[in-house]
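Here are my notes for your look through the coordinates, as promised.

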Amino acid sequence: MKIHIRSRSSLPALLSVVAACTPAPPVETPPARGIPTSATAAPTTPVSAATSPAKRERNRGPNGELARRQGSQVDVELATGEVITVPPSQLHPPSGDRSLFGISPTALRYLDSGVLLVGMGDGTVAGVDKAGKRLFWAGFRGAIRDMTPVSGDAVAVTTSRGVVGLLRGDGKVQWQIAVTAEPLGPVVIGPDNLILVASQRGVFGISLDGKIVFSHASPALHVTCPPYTAGCTETEPAPLTIDGPDVVIGGNVRFPIKGPHVPVPDLEPKFNLTFTRVLRESVVSILPDGPNAILALVSKRKDRSEYDWTDDDKYDVVRVEGSKISRFGVPEKASKSEVFEVGSQAAKSPFFIDGLVRGPTGDPWILARRISFQRTQSIDSIMGMFGGAGQILELVNGKVRERRDLFSMFASHWLSTPIAASPTDVANTFCFGLESPICAVYTTSKTRFISTPNPIFKAVTVGKALWLIDQAGAVHRLSNDGQRIEPVSPAPPLPVRDIAGAGESHAWAIVKDKYTLLHSVASRWSETPIPVPATTLFVRASNDVWAGRTHWDGTEWSTHHSAPPATVAFTIRPADVWVGDADGLWHGVGPGSLPVKLPSPSAKIPAANAARLVPGSVDSTHVVTPVTFQIDRTTVLRSAMHVSAGSDGTLWFGTLQNTVEVDSMGRAAVVRQVGQKLQGRTSLVESKGQGLVLDESERLAFDMRDVVRSTDGTKSTILGEQLYHHDLVAVAGLPGGATWILGQAPDLAPGSPYHLDGQDRLRSGLTAWAEFGAHAMVRPAKGTPFQPVMGLPSVAWCDVAVTSDGGAFFVGGQSDGPSGQGIVFHARGKLGTEQTSEFRAQATLLAVGAVSPTEAWAVGAGGTVLHIKDGAAGHSTLTSGEWLRSVLAISADDVWVGGDGGTLFHWDGKDFHPVNHTLGNNASITGLATAGGVIWAVSPSGILKIAKKG
């Protein structure tokens with residue numbers, strides 16, 4: 001029988017910590033040693049105090065109205081008892097897609113003027129009058145969390161994506177900034193109208209003009225829910241209150257507003273290392289093997305349904321030294337039938353593979369469990385806790401064999417969780433067992449058993465001592481004489497889940513899902529803020545610590561652009577790092593690619609209110625012909641999702657099954673055997689047989705494009721430079737010029753459509769880092785390396801168009817919907833570093849085409865059309881409201897637009913002219929390109945060739 005284990009280990013729930021009652025809240029002070037610095041601004045001049053808004057329930061109007069959220073609508077009960085229903089159509093931008101009406105309100109706030117502000121799950125804030133009619137709307141990044149009156153009729157808006165903004169009573173957004181990326185709690189107004197808001201990373205103080213005055217990291221903001229606690233939300237920070245000159249957190253911790261402050265660590269990645277993926281397999285353990293080689297215990301998972309338990313994972317030990325890779329297979333079951341666990345019958349049972357350590361013999365030992373189906377209860381199997389006896393497999397001379405002499409060490413101790421042994425040093429102590437937990441100290445001549453107070457789930461070498469973490473998160477150590485297990489003194493103040501250290505007086509520990517680590521210096525523990533929650537720890541020296549994707553250099557923590565969310569890590573030297581996770585084995589070396597940093601927009605230019613776009617007469621200057629291409633004797637290319645044209649007339653068509661190349665002679669051939677299931681500019685053909693394709697990770701079972709393939713004839717390789725953990729949404733370039741690749745951070749919050757479960761749950765911790773990371777890559781010319789790009793706003797990006805000066809236009813929306821407010825970001829000059837500007841539209845923008853470095857057309861949801869020229873934006877909306885999904889800008893008087901409902905328009909410099917075609921009104925024109933004076937329009941319904949008459 002083969003079985004599949006859903007996770008390698010099931011860590012016991014950590015004990016909840018109950019804070020002791022104290023007569024007065026303690027005052028937080030910064031630690032004496034260096035603290036990670038924050039990119040916060042210096043204090044600004046205090047603004048003049050305004051009249052405090054009237055104390056009133058947020059959903060209670062000035063005339064006694066009471067608003068309540070009811071599904072996707074809002075009901076308003078008037079003082080007379082009459083109920084007015086505000087339907088979803090009034091809570092979303094005009095000309096929006098009706099399918100978005102299912103998005104629910106998330107926050108309500110009445111202004112003193114009687115206007116009701118309704119915050120939505122897609123980031124929209126709608127202002128509604130007394131009759132339930134929409135007066136205005138504005139868009140923010142992330143679901144609206146809170147709207148608090150600040151001054152006059154202005155409110156401070158916070159979102160689930162770490163955005164704070166100031167919205168006036170007339171619907172104008174004064175400013176909005178992303179102070180972090182995780183959910184923010186309710187706003188508290190401090191002295192001089194200082195806006196105070198907290199996430200689990202810290203408290204942020206923001207002035208009325210949108211400047212960050214300070215940030216203050218505090219462990220008290222981390223909410224930890226005891227197991228099975230109803231209504232407890234761990235993403236919600238502890239509440240803030242103001243008490244005179246102090247901020248009080250959760251009622252029991254305070255700090256003065258004017259400081260001193262321990263800054264919240266900067267989320268902007270540092271790029272001193274470049275990580276490349278060596279293996280595309282799930283990594284369990286990493287072990288050094290000489291000065292420049294490593295061993296990795298890996299598993300290559302097969303695609304399977306959630307309930308398919310017929311196959312278990314295949315494990316190998318892989319040795320990597322430079323470009324040389326050797327592989328050693330791990331047996332799936334015992335070599336013969338025998339009694340291996342006291343009380344069981346003889347059986348030839350399967351192994352569960354749990355880890356790789358260096359055994360006392362100096363050879364690699366594989367820690368496994370030999371499963372007893374006779375003693376495993378049904379509830380155990382449901383929880384993945386198949387049990388039996390421990391098993392050691394040894395790698396010697398290129399072969400994996402059973403250590404049969406160790407049966408007696410495990411046979412009398414039932415275990416259903418992995419054996420704990422040190423992964424960073426020679427392992428001679430093995431802890432195991434739940435019913436009768438024990439540690440076995442093994443030498444080549446004998447075994448000595450030591451009883452443990454609780455089951456041990458992790459063993460780590462700290463300095464010269466062996467530290468043990470038990471089921472409750474308490475830390476113990478093996479005594480110096482090796483005869484007993486004793487508590488570590490002083491003990492960490494919180495239950496821990498992992499620990500590592502260069503010595504017993506210099507250790508680090510991970511606590512449950514927190515933005516802090518416990519740090520022991522000179523045997524004194526304290527909490528130190530880190531940029532993102534740590535997933536693993538590896539300490540090589542006091543100034544070389546890896547915690548997940550962040551690194552401590554002795555002074556500050558820094559995130560790394562291409563680092564994966566490590567579950568295991570090993571550092572040979574500071575610029576030589578091996579990292580493993582569910583996606584593969586990665587090697588990080590320095591120095592890394594220098595980032596391109598875009599300047600902040602010199603002026604945020606909002607687009608004017610949209611005018612109605614009334615098309616002109618039908619286009620009569622072009623001939624439209626439906627075409628097909630014969631790929632082979634049995635396959636015909638009839639439709640496509642997108643199209644790209646090369647300088648030599650070569651076309652690449654992206655279909656649901658593959659990428660097809662059609663050369664200038666009309667000959668068709670398959671370039672890439674992977675379908676492009678999502679819309680967008682997903683390939684760039686440079687010339688016949690050459691180009692770039694945005695592709696899906698081989699392991700993932702959903703349509704996330706996260707790798708870039710370079711194709712050259714019959715050879716296809718994955719680029720070393722990647723936007724890891726982003727959805728790649730578009731690639732665009734000019735012949736011989738710049739190439740841009742655009743990505744967006746997927747919304748991985750629980751409950752979102754992009755949230756992942758199972759082995760990918762670790763990715764949910766990536767949201768904060770990815771929001772503040774690089775959203776694009778750029779190279780100045782073919783043959784040069786891609787560089788990550790910093791400075792693009794955190795937006796749900798959709799498309800990019802490259803300009804002749806090396807810059808680009810980027811389009812998207814505030815929401816992943818797409819819904820809410822649209823955005824155009826223009827980066828001018830080589831690599832976009834000359835200057836930037838920002839424009840807004842009333843709906844998400846899905847496609848963009850550039851005429852020149854100063855002119856572009858952008859189109860999107862609800863028939864939105866934005867024309868940007870010389871720093872100004874013309875804004876119009878198609879009367880029919882059809883979604884527009886593609887645009888091709890050839891020149892100032894030659895622009896093509898396609899979309900839903902068979903929409904196809906040609907701009908001649910004066911008017912948009914409808915273009916008749918045979919695909920029908922149900923077709924959606926999703927891609928446009930030009931080659932040799934011919935326009936190509938593609939749709940899932942067919943391919944059109946458009947040529948000028950005569």
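1. Of the 950 residues of the protein, 56% count as buried, where buried means under 20% relative accessible area, exposed means over 50%, and partly exposed is in between (1.4 Å probe, protein chains only). Please keep in mind that this is a predicted model: local features need pLDDT of at least 70, side-chain atom pairs count only at pLDDT 80 or more, and totals for chains, interfaces and linings use all residues. Residues are numbered from 1 along each chain as its sequence is written, and side-chain values use heavy atoms, with hydrogens and water left out.

2. The protein contains 3 helices and 78 strands. Helices (H or I, at least four residues) and strands (E, at least two) are DSSP runs, numbered from the N terminus. Among contacts between residues at least 6 apart in sequence, 52% join residues at least 24 apart; contact here means heavy atoms within 4.5 Å.

3. Two strands pair if DSSP finds at least two bridges between them. Ala858, for example, has Leu866 of strand 70 as its bridge partner.

4. Next, the nonpolar cores. A nonpolar core is a set of buried Ala, Val, Leu, Ile, Met, Phe, Trp, Tyr and Cys residues joined through side-chain atoms within 4.5 Å. In soluble globular proteins, nonpolar side chains tend to be buried together. The largest core has 23 residues, and those touching the most other members are Phe275, Ile286, Ile294, Trp578, Val579 and Leu585. Several strands supply at least two residues each, among them strand 19 (274-279), strand 20 (282-288) and strand 44 (576-581). Strand 43 gives the most, with 4 residues. A second, separate core of 22 residues includes Leu742, Val789, Trp797 and Ala808.

5. Which residues does Val579 contact, leaving aside its neighbours within four places in sequence? They are Phe275, Ile286, Pro564, Ala566, Val568, Ala569, Gly584, Leu585 and Trp586.

6. Asp354 deserves a look. Asp354 sits in strand 24 (residues 351-358) and counts as buried because its relative accessibility is 12%. A polar contact of 2.7 Å joins the side chains of Asp354 and Arg369. A polar contact is a pair of N or O atoms within 3.5 Å; within protein, one must be able to donate a hydrogen and the other to accept it, and residues adjacent in sequence count only if both atoms are side-chain atoms.

7. Is Thr550 buried or exposed? Thr550 is buried, since its relative accessible area is 0%. Thr550 belongs to strand 41 (residues 550-552), and a polar atom of its side chain lies 2.7 Å from the backbone oxygen of Ala547. Beyond neighbours within four places in sequence, Thr550 is in contact with Pro531, Val532, Val545, Trp557, Ser558 and Thr559.

8. The count comes to 1 disulfide, taken as a pair of cysteine sulfur atoms within 2.5 Å. Cys431 and Cys439 form it, with their sulfur atoms 2.0 Å apart. The torsion about their S-S bond is about 105°, so the disulfide is right-handed. Both Cys431 and Cys439 are buried.

9. Finally, some backbone geometry to check. Most residues other than glycine have a negative phi, and most peptide bonds are trans. The peptide bond from Gly259 to Pro260 is cis, with omega near 5°, and Pro260 lies in the loop between strand 18 (253-256) and strand 19. Ser489 and Pro490 are also joined by a cis peptide bond, with omega about 0°. Asp192 has a positive phi of about 55° and counts as partly exposed because its relative accessibility is 38%. Asn193 likewise has a positive phi of about 55°, but Asn193 is buried, with a relative accessible area of 7%.
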